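Trainee: I am new to this structure and would like to go through it residue by residue. Can we take it as questions and answers?

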Amino acid sequence: MAEPLRPFRLRGCGSPQKFGVAAASLRGLLRKGCRLLQLPLAGSRLCLYEDGTELTESFFRALPPHTELVLLGPGETWRGCASDIERLLAAFCAEGRAVAAAARRLLSDGQAPRRQKLLVDLLHNLTENILAERRDEDQRWFEGLESRFKNKSSYMRYSCESRIRSYMKEVSNFTSNVHPAARDAYKEIIALMSDKLKSVKYNGCYFDRREEEAARLCTAEGWFSCQGPFDRDDCPSKHSINPYSNRESRILFSTWNLDHIIEKKRAVVPELAEAVKTRDGREVNWEYFYQLLFTVDNLKLVHIACHKKTNHNLSCDKSKIYRKGKQNHKIS
């Protein structure tokens, strides 16, 4: 008995138009698709629209009805729905000036505030200058900033350094809460941490798209993605931003947080003070606390909406608080 026909949604690689095609086998669907889209059967193949997975006969039989497929001709490739986004962006780049001019004409209508908001956002995206680095290449980006900042990366490094310096200040200000007998040892640890931070320029490289270390937080183009709340491995809203693109994005990025997963005020600093107080001849592993306070080992970059102010209920690793074996930098 012949197998029943199964319906699918089929489109070509370069077109958004979809066609309903039914077939009982992969070969039959490929043959119908090539006839419909006027492609040669030899060298053509079918793949999933979603992720570009190429179909085999067994995979075809496992697909649910109405699955969206892409028919590829000889030499064509498909990387999933990301390919559609790339085409859209390419179209914007090619016709960017015309689109921007049309958007500005529509903005003259003051009776449509909602449309105006959408058009303003569109213009910001069309006029962004991501690749520009120097002040003379993108003067608007630097509006409101001191003249000493000659390029975008220097300001972004300064921004990150400022955040890390503020963490160091909080650790230092906690000295008055440390037991009097342990304050000198606590101050020695602060001095060691300060020296280490100075040697790495306060980890300003985290926000510098030109630095290799920044790869842990951003892409080479300067895109940052929200790493999600402390209790999740991803961001539910998929927040992303490129502070290098325009002045508005630079200002908005200043509201993003470097969130301590194991909390700085509630857990790390009090635990450090307690470790110094109760060390009883042991050497405090200050570098472990340094990692928790000042590095991306314990810092997540999060959109302000994903920054949970509630207690994280996480504590330091007790096995790492004191050093094991003979070490340098002994705190007396």
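**Salt bridges, cysteines and places in the chain**

Mentor: R323 has a relative accessible area of 16%, so R323 is buried. Keep in mind that this is a predicted model.

Trainee: Which residue forms a salt bridge with R323?

Mentor: R323 lies in the segment after β8, and its partner lies in helix α10 (residues 286-294), so the pair ties together parts that are 36 residues apart in sequence. The closest N and O atoms of the pair are 3.6 Å apart, and the partner of R323 is E287.

Trainee: How many salt bridges does the structure hold?

Mentor: A pair is counted when a side-chain nitrogen of Lys or Arg is within 4 Å of a carboxyl oxygen of Asp or Glu. The pair of E287 and R323, at 3.6 Å, is one of them. The number of salt bridges in the structure is 23.

Trainee: How far apart are the closest N and O atoms in the salt bridge of D231 with K308?

Mentor: D231 and K308 form a salt bridge. This pair links distant parts of the chain, 77 residues apart: D231 is in the loop between β5 (224-225) and β6 (240-241), and K308 is in the segment after β8 (299-302). D231 is partly exposed at 45% relative accessibility, and K308 is partly exposed at 34%. Between their closest N and O atoms the distance is 2.9 Å.

Trainee: Which residue meets R45 in a salt bridge?

Mentor: R45 counts as partly exposed, at 22% relative accessibility. The N to O distance is 3.6 Å, and the partner of R45 is E54.

Trainee: How many disulfides does the structure hold?

Mentor: A disulfide is a covalent bond between the sulfur atoms of two cysteines. The two sulfur atoms must be within 2.5 Å to count. The number of disulfides in this structure is zero. For C205, which is in no disulfide, the nearest cysteine sulfur is that of C160, and the distance is 7.2 Å.

Trainee: Is C205 buried or exposed?

Mentor: Buried means under 20% relative accessible area. The relative accessibility of C205 is 18%, so C205 counts as buried.

Trainee: Which residues form a positive surface patch?

Mentor: One of its members, R31, is found in helix α1 (residues 26-37). R31 is partly exposed, with a relative accessible area of 41%. The positive surface patch is formed by R27, R31, K32 and R35.

Trainee: How far apart in space are G28 and L5, C-alpha to C-alpha?

Mentor: G28 is placed in helix α1. G28 counts as buried, at 12% relative accessibility. In sequence G28 and L5 are 23 residues apart, and in space their C-alpha atoms are separated by 9.8 Å.

Trainee: How far apart in space are K196 and Y290, C-alpha to C-alpha?

Mentor: K196 lies in helix α7 (residues 183-199) and counts as partly exposed, at 31% relative accessibility. K196 and Y290 are 94 residues apart in sequence, and their C-alpha to C-alpha distance is 8.9 Å.

Trainee: Is Y202 buried or exposed?

Mentor: Y202 lies in the loop between α7 and β5. Y202 is not a glycine, yet it has a positive phi of about 55°. Its relative accessibility is 10%, so Y202 counts as buried.

Trainee: Is N313 buried or exposed?

Mentor: N313 is placed in the segment after β8. N313 has a positive phi of about 55° although it is not a glycine. With 64% relative accessibility, N313 counts as exposed.

Terms used
Residues are numbered from 1 along each chain as its sequence is written. This is a predicted model: local features need pLDDT of at least 70, side-chain atom pairs count only at pLDDT 80 or more; totals for chains, interfaces and linings use all residues. Side-chain values use heavy atoms; hydrogens and water are left out. Buried means under 20% relative accessible area, exposed over 50%, partly exposed in between (1.4 Å probe, protein chains only). Patches are made of residues with over 30% relative accessible area and no salt bridge: like charges are joined within 9 Å, nonpolar side chains (Val, Leu, Ile, Met, Phe, Trp, Tyr) within 5 Å. Accessible areas come from the Shrake-Rupley method with a 1.4 Å probe; for residues, only the protein chains shown count as cover. Lys and Arg count as positive and Asp and Glu as negative; His and the chain ends are not counted. The place of a charge is taken as NZ of Lys, CZ of Arg, CG of Asp or CD of Glu. Helices (H or I, at least four residues) and strands (E, at least two) are DSSP runs, numbered from the N terminus.
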